[in-house]
Amino acid sequence: MRFIAGLITLIQEVERVAAIATDKVQSGLGKYANAVVRLVHYILIIAGIVSPLLFWLEDAPLPLRIILMTLFLIYLIIYCIYPSLRKYPTFRLKVMGDGAEQILAFFVTGTVSLVIAGFTLWGVLAEAIPAAPAIASGAVLFLTELVIFWNGIIRVYCTSVRLGVKYRAWGIALGMITPANLVMLAIIYRIVRRECDFETEKALLNKERHDEQICRTKYPLLLVHGVFFRDSKVLNYWGRIPAELEANGAEIFYGEQQSAAAVGVSAKELAERIEHLVQKTGCGKVNIIAHSKGGLDSRYAISRLGADKYVASLTTINTPHHGCIFAEYLLNNAPEKFVKTVEKIYNSAFKRLGDQHPDFLEAVTDLTNSRCEQFNAETPDVPGVLYQSVGSHAKHSKSGRFPLNLSYPLVKKYDGDNDGLVALTSAPWGESFTVLHPTGKRGITHADVIDLNREDIPGFDVREFYVQLVHGLKERGL
């Protein structure tokens, strides 16, 4: 135990000295500090790699070679721990950013060292350089780049969100195929570097406005999911949004209704959940933010099940208030046997996920155009509750992942501009309607608008959008 305590103390002291040294170097070199230190790192790594060759050429004594290689090994260990002087606001970003630095170092130092190795091989073949130092230099090159590569790739694989399963899998699959592995590594570096820079800016922004608590609303938030999903602690339906809201002062709860049920059934569960929360926490009311069918569930609970006395506001996100013509067409024209087969498969799957009485067909039917128009006539807005809505649309079928990439053109044919499932004309409800127009090439899909895939969409900061949305509720005294 004393040994472990002493080791921890030593590590903390090293980190303290490193931090002091970092501050002094940065203050002395100014804005070029990181670039200069990076260059010094590259020079020292390359020098260490080729040093066996130089030692043999100069016929250096064995003790000197051992000392210099030992110093290089120590330096390499230190470099793997502190590859840059950049400061990051969180530990995760530091690990990820340092990993990106090491991947870049692998490319630069490896390329230069391979060029030198090529000249060395030519010298060996021309009998101008002895074989022994060339082999030693090659061994050091291989081992050094191996250490730098694995140190970098493990860091980014363990910390990056944007890489997702897709790029991690491609990186592993192409790992032994040259030059495809190098191309994939360059793509991984670019993704991670952009993520690190973007997340650093967001973390610093949240740190600057922390005391303002701009999302600390009078009433807590209740996030209500859409159809065929459940609230999970393992994989949050709302992606990185809740954490961003909480970082800015929000208090968050979840609807926890079943995933595949008729609107009336889900609404009953939601109304009971809202009443339980209010009584348990004493918060008085909640501000509901509901996505997709969750918006219809919430409206039903407010208007027809007495939840209005516990709800201050309802903000619906890409909710099909006016239904889906596409869904109605499929239900009316698809063979009955096919519909029953799909229903059986889905209900079986949802039951395994925790739904007590899943009803796929009824859930989908409640989203059709005719059913929603009937719903609207029977479910008027309640005075005293703020109703507002948000809608978005994709630009083409490639905008979304499966299955939205398949459904987009079909919905487009029957409903017009859509997010892959819900038409833009179906989403408006309440006193205000905010349209999220995509500025990039892909648009904003049904999944993007709740950060389901944890992607950063060009031209749309989904987390900041929700921060400002909730800030707006705070500004209205809700």
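1. Strand β5, helix α15 (residues 404–415) and strand β6 form a right-handed β-α-β unit; right-handed means that, with the strands pointing away from the viewer, the path from the first strand over the helix to the second runs clockwise. Helices (H or I, at least four residues) and strands (E, at least two) are DSSP runs, numbered from the N terminus.

2. A word on the source: this is a predicted model, with local features needing pLDDT of at least 70 and side-chain atom pairs counting only at pLDDT 80 or more, while totals for chains, interfaces and linings use all residues. Residues are numbered from 1 along each chain as its sequence is written, and side-chain values use heavy atoms, leaving out hydrogens and water.

3. β5 (residues 386–392) has seven of its seven residues buried, that is, under 20% relative accessible area with a 1.4 Å probe, protein chains only. Leu386, Gln388, Val390 and Ser392 point one way, and Tyr387, Ser389 and Gly391 the other.

4. β5 pairs (at least two DSSP bridges) in parallel with β4 (residues 311–317) over five bridges. Five bridges also join β5 to the parallel β6 (residues 432–436). Val390 stands opposite Ile317 and has Thr434 as its bridge partner in β6.

5. Elsewhere, the largest nonpolar core has 32 residues; such a core is a set of buried Ala, Val, Leu, Ile, Met, Phe, Trp, Tyr and Cys residues joined through side-chain atoms within 4.5 Å. Helix α7 gives the most to this core, with eight residues.

Definitions and conventions:
Buried < 20%, exposed > 50% of the residue type's maximum accessible area, 1.4 Å probe, protein only.
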